[in-house]
Amino acid sequence: MADISPIEVSPELDSWMRETRRYLHMNPELSLQENNTSRLVSGHLNELGIKHRTGVGGDGRSLYIDAEQLKAAGITPGPTTGGTGILGTIEGRKPGKVLLIRADMDALPIDELNDVSYKSTKPGVMHACGHDAHTTILMGVAEMLNARRDQFDGTVKLMFQPAEEGPGGAVAMIHDKILDDPKVDAAVALHVSPLWRAGQIGVSGGFSSAASDRVQITVHGVGGHAARPHMSVDSTIVASQILLLLQTIVSREIDPFEQAVITFGMIHSGGAPNVIPDTAVLNGTVRTYSPEVRDHIEKRVKEIAAGIGLAMRAEVEVAYLRGYPALHNDPEMSELVRAAATDVLGAENVFERKPGMGGEDMAFVAQKVPTCMFNLGIANPEQGKIYAPHHPRFDIDEDAMATGVKVMVASALKYLNG
């Protein structure tokens, strides 16, 4: 194999990536609505002469969440195909191994608070998770690998994925046969992280992200006047008791050496200070690694909610939506990425990544083929770029994008030629 150290991002490509990422940041699109982003990606692949399929994937929830639970949560999934996903294909010198490289494209329902020239132009929608950078980086990878087709054997598949932020776009793309014809042998992906500076990455084998489930608990009481609580069943009080007692599952029922987090981030109840509401709704997430712990928490959430409802004269409905599984990085693929990154960045810029409790639908790909998902450092404290994903002030040091491209390209060449 040729020495991979000369891999460099040209000033022209770097400038194009900065301009493209800012355009995407200004024009964010929510899950399953990435139409403009998809057109931009397709146009770029057309300019490069890269074969690709459009209309791939869609809403994956019906493929991995129980239909009755979706109905209980009031969710009607969309089609699993015909969406905004794109699968590009770059063929090397001759047939060989097949590597999938993935980027997600969707934004979040967040109002951006950054005061920058490329601030989101869509109120209530923001690229607060770095998917604008992910998409741009993969387009840069496509350009560099396409120019190096004579330097590797095998095939690279480019997975531009919609709907990572909840609807499981990766599942829908898998259902659309992206891992077949030719069959994918391994996969690589990245996610931006403020834990490291631009020019650095974090990578490790083993668990990378947690299984992420969603819970909706609806409490039906009896509404009434605030001055006459004895004539009502206060749904807010019942919901509060459920919320507090559910926290004891982790603290008192789960082995301290196991990882688990139960968080309820939304509580809706009432519309006036002098009215006891008849309904309260709790929405939250459960994050775990162990399948046994995951099963136990689901069972106990339902039992505790029902038990408190019975004790306090309320009716309680629980919709427990099994979400993304835990993502397990293949040790060999992770070592390959580490070695490739060390070649192009130096060992001093390659760090061990600790497991996180965030959810990630790349886990569905990792269940099918050996996968490594690494973190790309994007922090720059001097520029105030220190915020975590999903924060309204999240932003990246754009120097990181060239780093992401170099590590991806080096990893692809090392895998395909190794």
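User: Which strands does helix α7 lie across, and how does it run relative to β10?

Analyst: Bear in mind that this is a predicted model. Helix α7, residues 235–253, lies across β8 (211–220), β10, β12 and β13. Its direction is at about 175 degrees to β10. Angles here compare N-to-C directions on a scale from 0 to 180 degrees.

User: Which other helix lies across those strands?

Analyst: That's helix α8, residues 291–311, lying across β8, β10, β12 and β13. Helix α8 runs at about 165 degrees to β13.

User: Okay, now the sheet. In what order do the strands sit?

Analyst: General idea to begin with: strands of a sheet pair through backbone hydrogen bonds, either parallel or antiparallel. In this case four strands make an open sheet, ordered β10-β12-β8-β13, with antiparallel pairing. The edges are β10 (260–269) and β13 (315–324), each of which pairs on one side only. From one strand to the next, the twist averages 15 degrees.

User: How many bridges join β10 to β12?

Analyst: Nine, and the two strands run antiparallel, with β12 covering residues 279–288.

User: Switching to Gln 161: is it buried or exposed?

Analyst: Buried means under 20% relative accessible area. Gln 161 counts as buried because its relative accessibility is 0%. You'll find Gln 161 in strand β4, residues 155–161.

User: Which residues is Gln 161 in contact with?

Analyst: Leaving aside neighbours within four places in sequence, Gln 161 is in contact with Arg 102, Ala 103, Asp 104, Met 105, Gly 169, Ala 170, Met 173 and Asp 361.

How values were computed:
Residues are numbered from 1 along each chain as its sequence is written. This is a predicted model: local features need pLDDT of at least 70, side-chain atom pairs count only at pLDDT 80 or more; totals for chains, interfaces and linings use all residues. Side-chain values use heavy atoms; hydrogens and water are left out. Two strands pair if DSSP finds at least two bridges between them. Contact means heavy atoms within 4.5 Å. Buried means under 20% relative accessible area, exposed over 50%, partly exposed in between (1.4 Å probe, protein chains only).
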